[in-house]
Amino acid sequence: MKPMIMSTVIVSASAIMEASIRSIFGSLSAVQIIGSAAGCLSALQLVRELEPELLVIDSNLPGQDTKVLLQKIKQEGLGTRSIVLTGTREQERRAFAAGADSVFPRHGSNDQLNAMVARLGRADS
């Protein structure tokens with residue numbers, strides 16, 4: 001069986017963090033990065049236009065952007081799964097409360113990340 005490749009959009013307000021996320025997720029065989037955005041509004045527009053299967057969000061977006069973005073995606077029934085990259089337990093708690101499908105610690109291993117992406121991909125089938 002051919003592995004599923006998830007079209008992916010990255011959301012990060014920091015160009016350095018976006019490059020890091022792109023490098024990490026771009027190295028995964030199950031991920032194809034199709035776009036990136038620097039904030040909530042541009043990310044929502046990209047999700048509407050490109051209909052990615054996966055949205056990777058840096059939890060350090062300003063203010064309530066992560067919460068607003070996740071809630072809009074759920075409200076509009078866009079079907080995009082989400083992973084929020086976190087650095088603290090509080091960020092994890094807030095991400096899940098906002099509707100994230102999964103969270104991933106910034107210090108997590110590539111094997112853990114591969115397994116998480118595979119689980120999210122199977123949830124879509």
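User: Which strand pairs with β1, and in which sense?

Analyst: Strands here are DSSP runs of E, at least two residues long, while helices are runs of H or I with at least four, numbered from the N terminus. Two strands pair if DSSP finds at least two bridges between them. In this case β1 (residues 6–11) pairs with β2 (residues 31–37) in the parallel sense, over six bridges. Val11 sits opposite Ala37 in β2. By the way, this is a predicted model: local features need pLDDT of at least 70, side-chain atom pairs count only at pLDDT 80 or more, and totals for chains, interfaces and linings use all residues. Residues are numbered from 1 along each chain as its sequence is written, and side-chain values use heavy atoms, leaving out hydrogens and water.

User: What does the largest nonpolar core look like, and how many residues has it?

Analyst: A nonpolar core is a set of buried Ala, Val, Leu, Ile, Met, Phe, Trp, Tyr and Cys residues joined through side-chain atoms within 4.5 Å. Buried means under 20% relative accessible area, with a 1.4 Å probe and protein chains only. The largest one here has 19 residues, and Val11, Leu55 and Leu69 are among those with the most contacts inside it. Helix α2 (40–50) is one of the elements that supply at least two residues; α2 gives the most, with five.

User: Why does Leu69 count as buried?

Analyst: Because its relative accessibility is 0%. Leu69 belongs to helix α3. Contact means heavy atoms within 4.5 Å, and, leaving out residues up to four places away in sequence, Leu69 touches Val11, Cys40, Ala43, Leu44, Leu55 and Ile57.

Terms used. Buried means under 20% relative accessible area, exposed over 50%, partly exposed in between (1.4 Å probe, protein chains only).
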